[in-house]
Amino acid sequence: MISNATKRSILRWIHLIFGIPIIGYVYSPFAELPNYAPVVRFVSVPVLILSGFWMYSGVFFAIIGLALWLGAIYLSGYGAGLLSLVALFIARKLWLVIRARQSKRSAQQDAADNR
């Protein structure tokens, strides 16, 4: 099994390498270079989203985030894709807060039962 440090290092390098085409796409003179927008849109950005979310919150969150992004882009465009990711982050935060409160409440009940 791969250690967490090795996994983080691999994901970080993937994230950095697939970010290079986006920088090239933004700063390139469009008249001189061939159009590689489809590669950036359909390869680089999904790989960046997957690796970034994986580093941030794990593989489960990464797969949900990538599926949500691709579905929203396909159905409604980039604005909806961005809003869907914002909604996903808000839902994740709410879930973490609710879970923490439930954990605290159960710990308090356990302490009261042991008295």
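How many helices and strands does the secondary structure of the chain come to? The count is 4 helices and 0 strands. This is a predicted model.

## Overall form

Along the sequence, the pattern reads α-α-α-α. The chain has a radius of gyration of 20 Å, well over the 13 Å that the globule rule gives for 115 residues, so it is more spread out than a compact globule. Its C-alpha trace spans about 75 × 35 × 20 Å along the principal axes.

Of the 115 residues, 21% count as buried. Among contacts with a separation of 6 or more, 47% join residues 24 or more positions apart.

## Helices α2 and α4

Helix α2 covers residues 37–57, and helix α4 covers residues 78–113. They pack at an angle of about 10°. Their axes lie 14 Å apart. Angles under 35 degrees count as roughly parallel, and α2 and α4 are therefore roughly parallel to each other.

On the α2 side, the contact uses R41, I49, F53, Y56 and S57. These meet Y78, L85, L88, F89 and R92 in α4. By class, the contact has 7 nonpolar, 1 polar and 2 charged residues.

## The nonpolar core

The largest nonpolar core holds 9 residues: I49, F53, F61, A62, L66, W69, I73, L85 and L88. Helix α3 gives the most, with 5 residues.

What does L88 touch, leaving aside residues up to four places away in sequence? Its partners are F53, F61, I64, G65 and L68.

Definitions and conventions: Residues numbered from 1 in each chain as written. Predicted model: local features only at pLDDT ≥ 70, side-chain atom pairs only at ≥ 80, totals over all residues. Heavy atoms only, no water. Axes fitted to C-alpha atoms, helices over the stretch in contact; angles between N-to-C directions. Helix = DSSP H or I, 4+ residues; strand = E, 2+ residues; numbered from the N terminus. Parallel < 35°, antiparallel > 145°, perpendicular 65-115°, else oblique. Contact = heavy atoms within 4.5 Å. Nonpolar A, V, L, I, M, F, W, Y, C, P; charged D, E, K, R; others polar. Core = buried A, V, L, I, M, F, W, Y, C linked by side-chain atoms within 4.5 Å. Buried < 20%, exposed > 50% of the residue type's maximum accessible area, 1.4 Å probe, protein only. Rg over C-alpha atoms; globule rule 2.2 N^0.38 Å.
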